[in-house]
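Please read the notes below with the model open. They are meant for checking against the coordinates, point by point.

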Amino acid sequence: MNRNPLRIIGRIAIVIIVVALIASVAVDRRMKKEYARFELIPTSAVNAEIVAIWNRIVNYYLVKTPSGWIAIDSGGDPGHSRKEFAAIGFDPSLVRAVFLTHSDSDHARGVTLFPNAKVFVSEREKDIATGKVNRAFVFKNSLAVEPVWLSDGEAVLVDGRRVQIVEAPGHTPGSAAYIVDGKYLFTGDAFAIQDGRIDPFNEFFTMDQARANESVYRLASLKGLSLVLTGHYGVSDKPDALFAEFLSRPITPAR
Ligand SMILES: [Zn+2]
């Protein structure tokens, strides 16, 4: 019998390291496949009062107010955002408020870009956003600032603009959309838009698909909108047609 405990421990460690490496390569490949589905738009004016910012794998949006701006989400790479801001001559200190659709890092890590902004998040995101509940496996979300927690339907007036939160849980428990001035709907990761149709958002990133599907119905029943602006699938200027087509489909189980 030649059982050197150190040798056995060493072999176990090698097996664990190899399994972890294989798993991380597989997850990385899967993430890239999911990212390839996204349809992002470049940093550009959406209309006379909204600017889309491209931030690597995500879009977020700036809405003009009489004396500054509101941001809907904040991107995940502040350094990249600073370059985009410089290219269009945008001053982030003029942002008065940031409304986060949820706490995932690609939407929330950029809040530090806006030193003069209050940050708003759905109160139902609290456990995920503060790391009390894990986002996926052992991974936790976090927020760099203490936000104002909003309840469903609550409206905030920022420098003359009315921003109302509409809960749209599923992607995360506190995922939410925002309606600005009754006409612009910012959906975060509530759904995808592809070929002019609503599709489920990437299931790989979704915590509760059944709830996410219910949330699409909730949002698609909103009326009087002129724009729908997503986190990863661009903008639709035909919300009524988009929602009518979705609601006309026979109800089928989640894919
Ligand atoms: Zn996202």
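The points run from the overall picture to single residues.

1. Basis. This is a predicted model; local features need pLDDT of at least 70, side-chain atom pairs count only at pLDDT 80 or more, and totals for chains, interfaces and linings use all residues. Residues are numbered from 1 along each chain as its sequence is written.

2. Overall. The protein has six helices and 15 strands. Both are DSSP runs, numbered from the N terminus: helices are H or I with at least four residues, strands are E with at least two. Along the principal axes, the C-alpha atoms fill a box of roughly 80 × 45 × 35 Å. Of the 255 residues, 35% count as buried. Buried means that 20 or more other C-beta atoms lie within 10 Å of the residue's own; exposed means 12 or fewer, and partly exposed is in between, with C-beta atoms placed from the backbone.

3. Contacts. Two residues are in contact if their C-beta atoms, placed from the backbone, lie within 7 Å. Among contacts with a separation of 6 or more, 59% join residues 24 or more positions apart.

4. Helix α1. This helix covers residues 5-37, 33 residues in total. From first C-alpha to last, α1 reaches 49 Å, close to the 48 Å expected at 1.5 Å a residue. The expected span is 1.5 Å times one less than the number of residues. α1 is hardly covered: its count of buried residues is zero.

5. The core. The largest nonpolar core holds 50 residues. Such a core is a set of buried Ala, Val, Leu, Ile, Met, Phe, Trp, Tyr and Cys residues joined through C-beta atoms within 7 Å. Strand β3 supplies the largest share of this core, five residues. Ile 70 and Ala 71 have the most contacts inside the core. Which residues does Ala 71 contact, leaving aside its neighbours within four places in sequence? They are Tyr 60, Leu 62, Val 95, Val 98, Phe 114 and Ala 117. In soluble globular proteins, nonpolar side chains tend to be buried together.

6. The six-stranded sheet. An open sheet runs in the order β8-β9-β10-β11-β14-β15, with mixed pairing. Strands β8 (155-158) and β15 (235-236) are at the edges; each has a single partner strand, so one side of each lacks a neighbour in the sheet. Two strands pair if DSSP finds at least two bridges between them.

7. Four bridges join β8 to β9, and the two run antiparallel. Val 158 stands opposite Arg 161 in β9. β8 and β9 make a hairpin with two residues between them, and Asp 159 in the turn has a positive phi of about 50 degrees. Strand β9 (residues 161-167) is then joined by five bridges to β10 (residues 176-180), also running antiparallel. Here Val 163 stands opposite Val 180.

8. β11 and its partners. β10 and β11 run antiparallel, joined by three bridges. Ile 179 stands opposite Leu 185 in β11. The hairpin of these two strands has three residues between them, and Asp 181 takes a positive phi near 50 degrees. On to β14: four bridges, with the strands running parallel. Gly 188 stands opposite Thr 230 in that pair.

9. Burial of β11. Why is β11 largely enclosed by the rest of the structure? Five of its five residues are buried. Tyr 184, Phe 186 and Gly 188 point one way; Leu 185 and Thr 187 point the other way.

10. Helix α6. Residues 239-248 form α6, which lies across β11 (184-188), β14 (227-230) and β15. α6 runs at about 75 degrees to β14. Axes are lines fitted to C-alpha atoms, for helices over the stretch in contact, and angles run from 0 to 180 degrees between N-to-C directions.

11. Leu 222. This residue is in the loop between α5 (209-220) and β14. Leu 222 counts as partly exposed, with 16 C-beta neighbours inside 10 Å. Its C-alpha atom is separated by 8.8 Å from that of Asp 240, 18 residues apart along the chain.

12. Positive phi in loops. Two residues other than glycine deserve a look.
   - Arg 56 has phi near 60 degrees. Arg 56 lies between β2 (50-55) and β3 (58-64), and is exposed, with 12 other C-beta atoms within 10 Å.
   - Phe 137 has phi near 50 degrees. Phe 137 sits in the loop between α4 (126-129) and β7 (148-150), and counts as exposed with 8 C-beta neighbours inside 10 Å.
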